[in-house]
Amino acid sequence: MLKLYNQLSKSVEDFVPLDPKNVKIYTCGPTVYSYAHIGNFSSYIYWDLLVRTLTLNGYNVNRVLNLTDVGHLSSDADDGEDKLEKGAKKEGKTVWQIADKYIDAFLKDFYALNLSEPTKIARATDYIDEDLELVRTLMDKGYTYTTGDGIYFDTSKFEHYADFARLDLEKLKAGARVEFSSEKKNASDFAIWKFVRPGEDHAMQWDFEGRPGYPGWHLECSTIIHTELGETIDIHTGGIDHIPVHHTNEIAQTEAAYGKKMANFWLHCNFITINGEKVSKSLGNIYTLSDLEKRGFSPLDFKMWVLQGHFRGDRNFSFEDLTSAKNRRLNWRNRIAYAYQITPEPTFSRETALELVSNNLNSSELLAYIDNSVLSLEDWEFIDKLLGLDLIATTPKVSSDILEKIKAREDARATKDFAVSDRLRDELADKNITVLDTNIGPIWQYLA
Ligand code: AMP
Ligand code: ZN
């Protein structure tokens, strides 16, 4: 039985999907105004593990990931500049060019991490008509009011607004007194549609009732979920930053408009930190996957590092720990190389492995179990399905040419022709291969 920590009940629950065979998942995706960093990708690695665990538990997964290419303002509330518009100005490009550029970069990294392909990748700007339908529904149902800068959701009309994040609305009100626009009725009210004001430079805009505007950030997720997955989904995922504002607002909009529960399970990953500080674009302490590659680490080394911890745990990133993760991955590859050469007597149970990770995605225990067991090639294939580390594909069998060199080196050693055996050892090392002389004969391994 799969167990997951659910933000709705703030506890670990047995996972029971709405349909016994099919699971519907939505993941809040990146805002595509600059390169995604390792913090962002840690979240997609956890959700990849979630999808793989569900699949191996026998479910068909229907998963949608969105790409935010409009409406995410520089503060998660409704102030500041649209991140895409800001990015476009900074790079001297159009907003559409910026979105395309960073979507391409994101997907390239996404596939380099061998993250399972979502059923649908949905771009926010492809859903403007549906956004406007939702805006109209909320207006018709009396949940909104209009100010000089947009159409706002009146959170006081949604009874359970504070529940999801256990918000203290009084405190929020006191804290925001100075800042929030006098036109807003409550500090927690949020824009579902923003107007482009005369003279405002906002390239992405659509007409609504004769006025140009664009969707509020939270709206797209409610719209995309309703359009692509229907009412009530099984699991909604995001980062912990989403709990108090973004997801709280998604729930308010969706449940007010459709009168149905939005999602049964809400999973949030903790932020990874560097030297105790959260990794974020605004703090400037970010690494991208290509930064890691420049230092000799593959995306899969990073994936291993993420899988060594838990999605709700405190994770401090360091190159020292990344090196250990890399070594673990290389060690596992060489255990596969070993399994090509000698048929080992397995001690590993796939059932136990799946049980470990089904316990609230506890991959670190699974990793320790793999370290301490003997796996057959079929077991390694199973691990590849479960963890997506591409272990078998990155451990090719050696060519006949290399096997001949290994044989020739053995022969040279047998006749004590060390000049030849040393030369062959060096030639093998050039091909990234080393040979261990064991009591059952020579065993080849990859050097790195
Ligand atoms: P954004 O592109 O800012 O909308 O973020 C994309 C995803 O990455 C969201 O789910 C965030 O919660 C998540 N995220 C951002 N920074 C971090 C971090 N340091 N650690 C883990 N997840 C993060
Ligand atoms: Zn979202």
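Which side chains meet in a salt bridge at 2.8 Å, N to O? The side chains of K101 and E91 do, as View 1 shows.

This is a predicted model, in which local features need pLDDT of at least 70, side-chain atom pairs count only at pLDDT 80 or more, and totals for chains, interfaces and linings use all residues. Residues are numbered from 1 along each chain as its sequence is written, chains are lettered from A and ligands numbered from 1 in the order in which they are written, and side-chain values use heavy atoms, with hydrogens and water left out.

**View 1. Salt bridge between K101 and E91.** A salt bridge is a side-chain nitrogen of Lys or Arg within 4 Å of a carboxyl oxygen of Asp or Glu. The K101–E91 pair links distant parts of the chain, 10 residues apart: K101 lies in helix α3 (residues 95–112) and E91 in helix α2 (residues 83–91). The whole structure holds 25 salt bridges.

**View 2. Residues around ligand 1.** The shell comprises 16 residues, of which T31, G39, D241, I272 and V279 come nearest; a residue is near if one of its heavy atoms lies within 4 Å. Helix α1 (residues 38–56; helices are DSSP runs of H or I, at least four residues) supplies the largest share, five residues.

**View 3. Backbone contacts of ligand 1.** Polar contacts are pairs of N or O atoms within 3.5 Å. A nitrogen atom of the ligand lies 3.0 Å from a backbone N or O atom of G39. Polar backbone atoms of I272 and of V279 are each 2.9 Å from a ligand nitrogen atom. The protein covers 93% of the 490 Å² of accessible area that ligand 1 has on its own (Shrake-Rupley method, 1.4 Å probe).

Terms used: Polar contact = N/O pair within 3.5 Å; in protein donor to acceptor, adjacent residues only side chain to side chain. Helix = DSSP H or I, 4+ residues; strand = E, 2+ residues; numbered from the N terminus.
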